[in-house]
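Hi everyone, thanks for coming.

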Amino acid sequence: MIIKIKDYDGKPRIFSFAKSERVKDYLLEKELNTGLLSNRSIIIYPENITLNLSEEETQRFSLCADYDVFQVDSRGNAYKYFNNASLDNAILVTNRCNSNCVMCPTAESIRRNGENYYGDELIRIAKYFPNDVCHITITGGEPFLIGKSIFDLLSFLKDNLPNTSYLLLTNGRIFSNKEYLNLFKQTCPHALKLGVPIHGYNSETHDSITQAKGSFIQTFNGLLNLLSIGAKIELRIVVSRLNADFITDIAKLITDNFLGIECVKFIGLEMTGNAAKNKNRVWISYPDAFRASKKAIDLLIGAGIDVGLYNFPLCAVDKMYRSLCEKSISDYKIRYTERCEKCCQKDACGGMFAGTVRLSKDDIIPLGKYKYD
């Protein structure tokens, strides 16, 4: 979430948000910069600087919660880095990536030219996170592209937020490097799980999707190295037209080599960025994506591996498999169609991406006691 403050003095700032004097005083006792919403302004303490807000800016800040964390850049863009009302907050390390996946929801220009946030910068933000935060996702791009400074962040989280669970999203390639593997082992918080995608069952099928030669071998060896140190791993299979014909082969690769992993998530497409650009090559409907994955799901479950379905609306999945569906789409991206309003299981369904709903609307079939007219 970004709120643009038009009348801004140009000084970059981080602050915890407060809507009352009581919360403001508590945050100041913690020696945290604090932004108190007061009428049509935010007063920054301890600087005692008043930022005047427009009516629209005031309304948007009024919807925020106490203890939210903002970083404001020199242009007055206030980025919400922590949402106290959410159970799943994220630390964005970088937009850059050393793969260029054909179906990635991020545009290639962003991945090549995006901004990096290094360990000390990220620690300054993380210091504002409450001690009782439930979960944090560490994400990119590829987080390890900022180099060894990421271990400063991991070490800080390990020491200061030890009761928080973490999901670190990475393509896993860096863990083919034993030096990085050992540094990760030393600094990794106890309750951290790695989310690693695998797109094919060999170099040819995987690398043609990542568009990065050698990425399969690096990911394969990285996963074996991670398992050797007891790392918690969630493998992710993004189902597209590119790999729909060999999803079962990917599952066989997993059961033959990676039985120590915690789970496998099958991911439905988000049609933005590269995915939208390559729509004719990658798009597969959610019902077709499930059907392509069904044998693989059975194979993995039969091998004792937990399975989940991300981004799949319930009606795209056979009844016996709907319990595997998880609400995985960020709140602000979720969309439903008019047909969804006639479904008695809408509240249990995670919906579809805003960038994908237009492609999926004809596949929606309301479930339960209602019949589609």
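Not counting residues up to four places away in sequence, W283 touches R241, L269, M271, T356, L359 and S360; contact here means heavy atoms within 4.5 Å. W283 sits in the loop between helix 11 (279–282) and helix 12, where helices (H or I, at least four residues) and strands (E, at least two) are DSSP runs numbered from the N terminus. Is W283 buried or exposed? W283 counts as buried, at 13% relative accessibility. For that label, buried is under 20% relative accessible area, exposed is over 50% and partly exposed is in between, with a 1.4 Å probe and protein chains only. From W283 to I3 there are 280 residues in sequence and 33 Å in space, C-alpha to C-alpha.

A quick word on the ground rules. This is a predicted model, in which local features need pLDDT of at least 70 and side-chain atom pairs count only at pLDDT 80 or more, while totals for chains, interfaces and linings use all residues. Residues are numbered from 1 along each chain as its sequence is written, and side-chain values use heavy atoms, with hydrogens and water left out.

Now let's zoom out. The protein has 13 helices and 17 strands. Its radius of gyration is 22 Å, close to the 21 Å that the globule rule gives for 373 residues, so the protein is as compact as a globular protein of that length. That radius is taken over C-alpha atoms, and the rule is 2.2 Å times the number of residues to the power 0.38. Along the principal axes, the C-alpha atoms fill a box of roughly 60 × 60 × 35 Å. Of the 373 residues, 51% count as buried. Among contacts between residues at least 6 apart in sequence, 68% join residues at least 24 apart.

On to the inside. In soluble globular proteins, nonpolar side chains tend to be buried together. Which residues have the most contacts inside the largest nonpolar core? They are F184, I254 and F266, in a core of 104 residues. A nonpolar core is a set of buried Ala, Val, Leu, Ile, Met, Phe, Trp, Tyr and Cys residues joined through side-chain atoms within 4.5 Å. Helix 12 (residues 286–302) gives this core its largest share, seven residues. Apart from this core lies another, of 15 residues, including F15, F17, I42 and F61. Back to F184: leaving aside neighbours within four places in sequence, its contacts include F144, F151, L154 and L168.

Last, some backbone details for those of you who like them. Most residues other than glycine have a negative phi, and most peptide bonds are trans. Y45 and P46 are joined by a cis peptide bond, with omega about 5°, and P46 is in the loop between strand 4 (41–45) and strand 5 (49–52). N48 is found in the loop between strand 4 and strand 5, with a positive phi near 60°, and N48 is exposed at 53% relative accessible area. N311 also has a positive phi, about 75°, although it is not a glycine. N311, however, is buried, with a relative accessible area of 8%, in the loop between strand 14 (306–310) and strand 15 (325–326). There is also a cis bond from G140 to G141, with omega near 15°.
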